[in-house]
Amino acid sequence: MSEEYTYDEWKDRGYFVIKDSYSTKKNEKDEPVFTLDQVEWKVYQISEEICAKNISGVCPGCGGVVEPIETVNNSDEPTFWSGCNHCLIFCCGVDKSVWQTARKLVEEGRGFTSCKSRHDYEDTPERLEYWKDTETSHLSGQIRQILFEYNKIVEAGK
Ligand SMILES: [Zn+2]
């Protein structure tokens, strides 16, 4: 008699269900249960700790927290990637001052970023917020690149 647990019970034990995610077996509470040959020990390609170490700064879009997010990579292997749960983007973060600069330029209409016009997103506050976050994210990346090149040139001139 092999062990049978529900999806969550396996998860608590550090396993995840890989095969036959639809189980025909049920426990006494009528929840689907899985046996050991339907689960696999969960090995993360990038652990939560390593992922967290690579985060620096704030979300380039909304300026919020960048944190490790549990996901799967292109080969369907479990991993942690850093990102923003608000903007639903994967990123490592940018300096807060870079984000502040980008946001200021976007809000003042001085950031030339994408071809998405603010005008097309002003119908609801949510859509305007989305537009601002997307534009700010785009501009944050550009400012970071500009600063990187700028600092190299300044350093070389010393
Ligand atoms: Zn964000």
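**Strands, helices and loops in a predicted model**

Q: Which residue in E7 is the bridge partner of Cys 84?
A: In E7, the bridge partner of Cys 84 is Ile 89, and, as with everything else we discuss here, that comes from a predicted model.

Q: And what about Gly 83, which residue is its bridge partner in E7?
A: For Gly 83 the bridge partner in E7 is Phe 90, and strand E6, residues 78-84, pairs with E7 in the antiparallel sense over two bridges.

Q: Which residue in E6 is the bridge partner of Glu 67?
A: Glu 67 has Gly 83 as its bridge partner in E6, while E5 and E6 run antiparallel and are joined by six bridges.

Q: OK, so what is the order of the strands in that open sheet?
A: The open sheet has three strands in the order E5-E6-E7, with antiparallel pairing. Its edge strands are E5, at 67-72, and E7, each of which pairs on one side only. As a general point, strands of a sheet pair through backbone hydrogen bonds, either parallel or antiparallel.

Q: How many residues sit between E5 and E6 in their hairpin?
A: There are five residues between the strands in the hairpin of E5 and E6, where Asp 76 takes a positive phi near 70 degrees. E6 and E7 also form a hairpin, with four residues between them, and Leu 88 in that turn has a positive phi of about 55 degrees.

Q: Is Leu 88 buried or exposed?
A: Leu 88 counts as exposed, because it has 9 C-beta neighbours inside 10 Å, and the cut-off for exposed is 12 or fewer. Its positive phi occurs although Leu 88 is not a glycine.

Q: Switching topic, where does Asp 30 lie?
A: Asp 30 lies in the loop between E2 and E3, and its phi is near 65 degrees, a positive value in a residue other than glycine. With 6 C-beta neighbours inside 10 Å, Asp 30 counts as exposed.

Q: Where is the place of Asn 27, then?
A: Asn 27 has its place in the loop between strand E2, 15-17, and strand E3, 33-35. Not counting residues up to four places away in sequence, Asn 27 touches Thr 6 and Val 33.

Q: Why does Asn 27 count as exposed?
A: Asn 27 counts as exposed because it has 12 C-beta neighbours inside 10 Å, and a residue with 12 or fewer falls under that heading.

Q: How many Å apart in space are Asn 27 and Ile 89?
A: From C-alpha to C-alpha, Asn 27 and Ile 89 are 38 Å apart in space, and they are 62 residues apart in sequence.

Q: Which domains is the protein divided into?
A: The protein is divided into domain 1, covering 4-41, and domain 2, covering 48-157. Taken over C-alpha atoms, the centres of domain 1 and domain 2 are separated by 38 Å.

Q: How many helices and strands are there in the protein?
A: There are four helices and seven strands, and from the N terminus on the elements run β-α-β-β-β-α-β-β-β-α-α. The radius of gyration is 22 Å, well over the 15 Å that the globule rule gives for 158 residues, so the protein is more spread out than a compact globule. Along the principal axes, the C-alpha atoms fill a box of roughly 70 × 45 × 20 Å.

Q: What share of the residues count as buried?
A: Of the 158 residues of the protein, 21% count as buried.

Q: Which residues touch the most other members in the largest nonpolar core?
A: That core has 14 residues, and Val 58, Cys 59, Val 66, Cys 84, Val 98, Trp 99 and Ala 102 touch the most other members. The elements that give two or more residues to this core are helix H3, at 96-107, and helix H4, at 125-157, with H3 giving the most, four residues. In soluble globular proteins, nonpolar side chains tend to be buried together.

Q: What is Ala 102 in contact with, leaving aside its neighbours within four places in sequence?
A: Ala 102 is then in contact with Gly 111, Thr 136, Leu 139, Ser 140 and Ile 143.

Q: And which residues in H4 are buried?
A: Asp 133, Glu 135, Thr 136, Ser 137, Leu 139, Ser 140 and Ile 143 are buried in H4, and the buried residues of this helix pack against strand E7, at 89-90, and against H3.

Q: How many Å does H4 reach from its first C-alpha to its last?
A: H4 has 33 residues and reaches 46 Å, which is close to the 48 Å expected at 1.5 Å a residue.

Terms used
Residues numbered from 1 in each chain as written. Predicted model: local features only at pLDDT ≥ 70, side-chain atom pairs only at ≥ 80, totals over all residues. Core = buried A, V, L, I, M, F, W, Y, C linked by C-beta atoms within 7 Å. Buried ≥ 20, exposed ≤ 12 C-beta atoms within 10 Å, placed from the backbone. Contact = placed C-beta atoms within 7 Å. Expected span 1.5 Å × (residues − 1). Pairing = 2+ DSSP bridges. Domains from an automatic or database assignment. Rg over C-alpha atoms; globule rule 2.2 N^0.38 Å.
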